[in-house]
Each structure stands twice: as structure tokens, then as C-alpha cells.
Amino acid sequence: MGAIRSLKLFVAFKNRLYWNQYMCCHNVFGIKDLLQPEKHETFIIQQVRAKDQKMAVDVIKQHYLSDHIMSRSRHINFTEDRAIDEYIIGLLKQGNSIYAKSEDGTVAGLCINFALSPVDPKNLRNYAFYRQDPNVKDFLYFTAKLQETPNLWNIFQETKIFEIQMLTVLPEYRRQGLATMLAQKSQKQAQELGYNVVRMDCINPYDFKIAERCMMSCLVKFPLHKLRGPNAPFIKRSSEHNRYVRVYVHVRTQTDKDKDIRRDDLINLLE
């Protein structure tokens, strides 16, 4: 009997350990790492205007999309695709995106922000449906699926969610705290515009660090193979590129209902 009881305890412990590794959104970095001051140079943060759109498209395609998980897993080249240009310009036209300039006026970083409503992923799917390139089509479908996983509009009962969608810093200006500065400025802008929930989807450790420096909370994490297209996952379970997505949020006003969100509900939303 004692051996059976010990075996049951071991199985329970193992299951609990797996649960923590699979779903729990613990801090990726220690508190000392988060509080350690970064070296800041002088940067000027500005809104992306109509005259800046070509610059913004070029920066995103060269420094963000080239390193995107879909680009690396499919070996996609976005540089010559007009459909991607149109998609990015559509995001910029909302007027929530910002960029940073160094003291000599050189563009140092860019953050594309977009206030998403529940119909935006559906509109993006409709746009993707008519694209010729199957890789571009899948990238847009992937983006739409990620935007609604989990469905934060239902969870927080909001009509729009402010999303930090594409954040990049040029290589020569990295490790100076600029990405965190752009994310914090975006958070402040969201609050000034009256948005209660800010979302940031993080796939690589650099994104995690930025979100946690901004005091955002990890709501849920899930492996990329959970995101499925019409016929199959965008990233296969066996792929070397299959990694966890962590959805970070900052909620300005949190009600008791928000606090009662159960992890079981989040799991159901991912299925």
C-alpha cells in the first residue's frame, strides 16, 4: 500500500510540474535583471506621419519581418511583396505608431501599434484570401489567428484592444533600452487615448524582457502549433521553430470579474 501511495504522489507531482511548465506565465527574468538600469542615449520619439510611411514600411520589412517566425520557418522574402506594403500602411494609417530618431536624425527604432476590434482579424482573413503568394497568405492568416488567441475582447469586455504589434530597433542602436522606451511610450499613449487593455504577443526572449520591464503581466502561454490554419498548423509540432507564445497584457482598470478569469477558460479559448 505504501508503494502505491508513493507512486500516486509521484504522478501527481509530475503532472503538476508539467502543468506549471506548460501554462504558467512565470517571469522569464529575475527581479535584478528587470530593475537593472540600462544605458540610455538621447532619442527623440515621434508619431509616424503620412510622409514617414515609406520609411516605416522599409524598416519593418528589413528589420522585423525578416526575423519573423513565419519568415524563418518558411524562408519567406517579404521585400518585394506589395500586399505586405499595403497591410503595413493600413496599420500606420490609424495613427498610433511611433518611431525613434537619434540625435543626428537617423531612424533608430519603430513601433507599430494598432487598436484592434473583433472584426479586424476577420477583415485581415478576407484580405489574405485574395493574395496570390501562398506564403504571404499564410503569414496574414497566422497574424489574424494570433490576434484573436485568446479573445481578449470577450475576456475583458472591451470593444477595442490596443496592441503593440510590430516593434523593432536597428542593430546599431540595440542594447540601449530603446525598445523598452518605445513600448512604454506606446503604453502611455494607449492610456491617454482611453484604451483600458494593452496587448503584446511575445515569441522570443527579447520581447519577454521588454514586456516585463513595462510591468505587463503574462496572461497565458501556448505553443505555436496550437495556431491552426484552415487545414493544418502554421508551425508543425515537430518543427524546430515551434516555440511558446506568451500573451502579455496591461490592464488599466481591473474589475473583480477580470480577476476571476480561470485558466481553464483560457485553455478552452486556445482550442
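1. Of the 271 residues in the protein, 47% are buried, a word used here for a relative accessible area under 20%, with exposed standing for over 50% and partly exposed for what lies in between (1.4 Å probe, protein chains only). This is a predicted model, in which local features need pLDDT of at least 70 and side-chain atom pairs count only at pLDDT 80 or more, while totals for chains, interfaces and linings use all residues. Residues are numbered from 1 along each chain as its sequence is written, and side-chain values use heavy atoms, with hydrogens and water left out.

2. The protein has twelve helices and seven strands, taken as DSSP runs numbered from the N terminus (helices H or I, at least four residues; strands E, at least two). Among the contacts with a separation of 6 or more, 76% come from residues 24 or more positions apart, where contact means heavy atoms within 4.5 Å.

3. Two packed helices are described by the angle between their axes and the distance between the axes. The axes of α5 and α7 come within 10 Å and cross at roughly 25°; axes are lines fitted to C-alpha atoms, for helices over the stretch in contact, and angles run from 0 to 180 degrees between N-to-C directions. The two helices α5 and α7 are therefore roughly parallel to each other, on a scale where angles under 35 degrees count as roughly parallel, over 145 as roughly antiparallel, 65 to 115 as roughly perpendicular and the rest as oblique. The crossing of α5 and α7 is right-handed, that is, the near helix is turned clockwise from the far one by less than a right angle, anticlockwise being left-handed. On the α5 side A83, I84 and Y87 take part, and they meet V136, F139, L140, T143 and Q147 of α7.

4. Helix α3 (residues 53-63) also packs on α5, their axes coming within 10 Å and crossing at roughly 120°, which makes α3 oblique to α5. This crossing of α3 and α5 is likewise described as right-handed. The residues that make the contact are Q53, A56, V57, I60 and K61 from α3, together with I84, D85, I88, I89 and L92 from α5.

5. The aromatic pairs come to five, counting rings of Phe, Tyr and Trp (its six-membered ring) whose centres lie within 6.5 Å, with planes under 30 degrees apart called stacked, over 60 edge-to-face and the rest tilted. One of them joins F78 and F139, whose ring centres are 5.0 Å apart and whose planes stand at 55°, so the pair is tilted. It links distant parts of the chain, since F78 is in the loop between α4 (69-74) and α5 (82-92) while F139 belongs to helix α7 (residues 134-147), 61 residues apart. Both F78 and F139 are buried.

6. A tilted pair is also formed by F162 and Y195, at 5.6 Å centre to centre and with 40° between the planes. F162 lies in strand β4 and Y195 in the loop between α9 and β5 (197-202), so the pair ties together parts that are 33 residues apart in sequence. F162 is buried with a relative accessible area of 0%, and Y195 is buried as well, with 18%.

7. The charged end of K137 sits over the ring of F129, 5.8 Å from its centre, and K221 lies over the face of Y244, at 4.7 Å from the ring centre; the criterion is NZ of Lys or CZ of Arg within 6 Å of the ring centre and within 35 degrees of the ring normal.

8. L170 has its place in the loop between β4 (161-169) and α9 (178-192) and is buried, with a relative accessible area of 11%. Leaving aside neighbours within four places in sequence, L170 is in contact with V59, H63, V107, A108 and G109. The C-alpha atoms of L170 and L110, which are 60 residues apart along the chain, are separated by 8.6 Å.

9. Most residues other than glycine have a negative phi, and most peptide bonds are trans. A cis peptide bond joins T149 and P150, with omega about -10°, and P150 lies in the loop between α7 and α8 (152-156). H75, in the loop between α4 and α5, has a positive phi near 55° and is exposed, with a relative accessible area of 71%. Q157, in the loop between α8 and β4, has a positive phi of about 55° although it is not a glycine, and counts as exposed at 53% relative accessibility.
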